[in-house]
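Student: I would like a close look at a single strand and its setting. Please take me through it, then move on to other parts of the fold.

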Amino acid sequence: MVQPLDIGEYRNIYEPGKVECASTEEMRPLEEIIGQERALRALRFGLEIREPGFNVYTAGAQGTGRMTAVRSFLDELAKAKPRASDWVYVHNFENQYEPNAIALPGGRGPGFREDMKRFIEEARRALPRAFESEEYAKRRDETLQSLQGARTDLIARINQRAQEAGFVIQMSPIGLLTIPVINGQPVPEEQFINLPDEVRAEVQRRRDALNTELRSTLRQVQEIERQGAEAVTNLNRDIALYAIGNLVAELKEKYADVPEVPAYIDAVQNDILENLQAFLGIPEQPGAPPQFQAFIRELPFRKYDVNVVVDNTGTSGAPVIVEQNPTFQNLLGKIEKEVQFGIFTTDFTMIRPGSLHMANGGYLVLSVEDLLRNPFSWDGLKTALKTGEAVIEEPGERMGFITAKTIKPEAIPLDIKVTLIGTPMLYQLLYRMDPDFKELFKVKADFDIVMERNDENAGKYADFMCNLVREEKLRHLDREAIARVIEYGSRLAEDKQKLSTRFAAIADLIREANFYAAGDGAEQVERQHVTKAIEEKVYRSNLIQQKIEEYIRREIFLIETEGEKIGQVNGLSVIGLGDFAFGRPSKVTASIGVGREGIMDIEREAALGGPIHTKGVLIINGYLNNNYARDKPLALSARLVFEQSYEGIEGDSASSTELYALLSALSGLPLKQYLAVTGSVNQKGEVQAIGGVNEKLEGFFEVCKAKGLNGNQGALIPASNVQNLMLKEEVVEAAKAGKFRIYPVRTIDEGIEVLTGVPAGRRREDGTYEEGTVNYLVDRQLREMAETMRGFQPMTPK
């Protein structure tokens with residue numbers, strides 16, 4: 001018969017003597033990421049390979065330190081990379097609706113902006129001075145003087161010719177008027193129409209001839225005026241070039257290493273020359289408010305601003321950007337608008353960068369859950385990675401909803417590595433449902449939730465504690481506390497040979513232990529503080545567990561922990577509440593009768609059983625057929641149920657429990673009610689591992705303790721689950737005192753022997769079982785039921 005488990009298997013204790021130092025104060029800070037060799041190897045490959053599409057998806061459970069590890073890894077990697085370029089947007093003088101993007105060496109963007117600002121300010125001072133000088137006035141007069149003489153001669157010739165023809169010329173808003181002169185007096189139009197016809201005809205003939213000559217002369221006058229205006233324009237251009245030439249040359253020389261900047265400066269210079277009046281002063285608008293006057297004065301100069309959208313002045317190496325809120329605009333940038341005198345306006349100075357622009361030339365880290373939660377963000381990121389360009393546009397314009405005219409900034413070329421952080425489930429969903437995903441994120445870095453528990457990793461665990469207490473200025477942990485935290489790591493991993501890599505939970509435990517140490521006035525965190533932190537964390541969340549235990553103690557929920565019963569056994573299940581999980585015992589009963597229905601799962605019939613639970617019940621049917629139906633049919637009608645269960649049941653961890661209850665009902669042998677059972681079973685009768693073994697055992701222990709420990713109580717677990725045992729110290733102490741036992745079983749035969757105290761019995765060569773054994777009694781009962789079924793004659797109604 002199976003013997004109770006050795007006490008040393010209840011919990012893998014970490015001896016404090018294995019800790020090298022007396023406390024974390026004497027330890028070295030951790031300088032590496034522990035327990036994630038596979039993930040770090042994938043990260044390094046994905047982030048260093050330069051071919052497109054090799055972006056990284058970092059998969060792992062929440063709390064495994066994915067973000068911290070990726071950020072730490074990238075910060076170190078980025079130090080060895082060159083500093084990324086600055087990016088600025090400037091006015092496009094050929095098309096103001098399509099601003100130009102210019103790349104400058106990292107850190108030079110703000111300097112270029114200030115240089116341009118200073119250049120325009122100096123130009124606004126130098127140009128008025130140049131055009132107000134006596135030299136300019138003298139040259140302008142000299143230029144116009146010769147042209148003015150020729151114009152005067154032409155006008156005098158026109159007047160002379162008019163007098164000879166008997167007319168005087170008068171200027172009017174619609175041009176030159178030729179007025180006839182009769183008897184030395186000008187004749188107005190109203191008098192002219194009253195003249196005799198022959199006089200008017202003669203006058204009109206002479207007027208037509210004069211007008212022909214006038215038009216020819218006027219063309220000469222206009223040509224002279226045009227030449228004058230052109231001469232003045234050329235003079236103004238020469239003066240302006242002289243005034244700002246040195247400034248332009250200085251700027252072009254300073255940025256000669258950036259090919260696009262000198263071309264831009266030339267465009268600025270040409271625009272200044274074409275818009276000199278703005279620099280010489282704009283007349284004030286009569287009656288306009290002062291703020292409007294100031295706006296009008298400064299508006300012409302706004303196009304010379306430089307909008308620095310990416311500034312890497314303060315960075316060392318490549319940028320590492322972690323975007324916590326990846327909305328479409330936060331990720332891809334936006335174009336802001338402002339209201340000026342009741343009108344929405346925008347220009348290139350209101351272009352704002354997104355995380356893609358800030359991380360260009362480096363690394364961008366995103367949470368895939370947050371990315372998918374924001375509309376358009378995922379599609380926008382994919383488009384940018386596929387095209388290799390960061391395009392700033394409105395989300396509504398992208399969807400075709402906005403038709404108002406706005407600016408369209410030039411796209412910025414992307415050189416970036418993107419790291420997504422998410423769960424393995426989301427990775428699978430994206431890989432299957434989005435064809436672009438597998439082309440853009442070809443590298444998966446999988447973060448494990450556990451690592452081997454060995455001396456090396458335990459030492460790194462302690463180094464992690466050292467890091468935490470130094471960074472957050474907590475109390476150091478002594479040797480006993482370090483050992484207790486390492487044990488807690490195995491409990492989180494649910495494996496005595498493993499340590500959990502959920503460092504967020506480990507860090508929270510240390511913070512809570514530090515709080516209780518501070519309350520006690522202790523200089524260091526001791527073992528009892530860590531234990532109290534664990535217990536208090538449970539106490540904050542175990543209200544429902546205590547309510548259930550109270551109902552069991554008051555016999556509202558019927559759970560028996562003493563005596564023996566036929567067809568009844570205590571099963572163990574786990575209830576999860578998000579932040580807390582606990583074991584709950586449930587009474588499982590079986591009833592049998594003659595019939596052909598086989599095994600009926602009442603939970604399934606009531607729509608409370610899940611598919612995996614149903615599978616477990618069907619496996620029981622297979623076990624019965626394999627062991628007892630080789631020489632006879634099963635004439636069995638059985639019912640299995642979890643008593644007082646009012647919620648859904650899922651999982652197959654109770655299949656062995658249900659089989660024990662059924663074998664008891666068939667054999668007539670009572671089962672020990674002070675023993676609880678967990679474990680799944682296969683058709684060959686092998687008991688298989690299950691999850692939550694620690695919570696299940698502790699849950700039954702708490703019920704036994706509440707109803708009174710009698711020295712006989714315990715539980716049956718799969719032998720393969722022994723390696724998962726990290727029971728709390730109270731259970732271990734009770735086991736040492738002989739008040740609680742654990743039986744590791746490998747087969748149903750081993751389990752039924754423990755529960756009944758009767759040998760299971762082996763099948764003999766003739767197919768029968770040894771007399772008096774459990775299997776013999778079950779086989780006999782099934783044979784009698786089959787014979788009863790065969791001899792049964794249904795009564796026909798008279």
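Tutor: K417, T419 and I421 point one way from strand 16, while V418, L420 and G422 point the other way. Residues on both sides are buried. In a regular strand, side chains alternate between the two faces of the sheet. This is a predicted model, so read each detail as a prediction. Strand 16 covers residues 417–422, and six of its six residues are buried, so the strand is largely enclosed by the rest of the structure.

Now the neighbours. Strand 1 (residues 56–59) runs parallel to strand 16, joined by four bridges. Within this pairing, V56 stands opposite T419. Strand 13 (residues 363–367) is also parallel to strand 16, and five bridges join them. Here Y363 stands opposite K417.

Three strands form an open sheet in the order 3-2-7, with antiparallel pairing. Strand 3 (100–104) and strand 7 (307–310) stand at the edges; each has a single partner strand, so one side of each lacks a neighbour in the sheet. From one strand to the next, the twist averages 30°. Strand 2 (residues 86–90) and strand 7 are antiparallel and share three bridges. W87 stands opposite V310 in strand 7. Helix 3 (residues 109–131) packs on this sheet and touches strand 2, strand 3 and strand 7. Its direction makes about 30° with that of strand 2. Helix 7 (residues 260–274) packs on the sheet too, touching strand 2 and strand 3. The direction of helix 7 makes about 135° with that of strand 3.

Now a lysine. K696 sits in helix 25 (residues 693–707). Its relative accessibility is 3%, under the 20% cut-off, so K696 counts as buried. Its side chain makes a polar contact of 3.3 Å with the side chain of T678. The K696 side chain also reaches the backbone oxygen of G691, at 3.3 Å. Leaving aside residues up to four places away in sequence, K696 touches L572, S573, V574, G583, S653, T678, I690 and G691.

Last, a helix pair. Helix 18 (residues 479–493) packs with helix 20 (residues 527–541) at an angle of about 35°. Their axes are 7 Å apart. Helix 18 contributes E480, A481, R484, V485, E487 and Y488. These meet R527, V530, T531, I534 and K537 of helix 20. By class, the contact has five nonpolar, one polar and five charged residues.

Key: Residues numbered from 1 in each chain as written. Predicted model: local features only at pLDDT ≥ 70, side-chain atom pairs only at ≥ 80, totals over all residues. Heavy atoms only, no water. Axes fitted to C-alpha atoms, helices over the stretch in contact; angles between N-to-C directions. Helix = DSSP H or I, 4+ residues; strand = E, 2+ residues; numbered from the N terminus. Contact = heavy atoms within 4.5 Å. Nonpolar A, V, L, I, M, F, W, Y, C, P; charged D, E, K, R; others polar. Buried < 20%, exposed > 50% of the residue type's maximum accessible area, 1.4 Å probe, protein only. Polar contact = N/O pair within 3.5 Å; in protein donor to acceptor, adjacent residues only side chain to side chain. Pairing = 2+ DSSP bridges.
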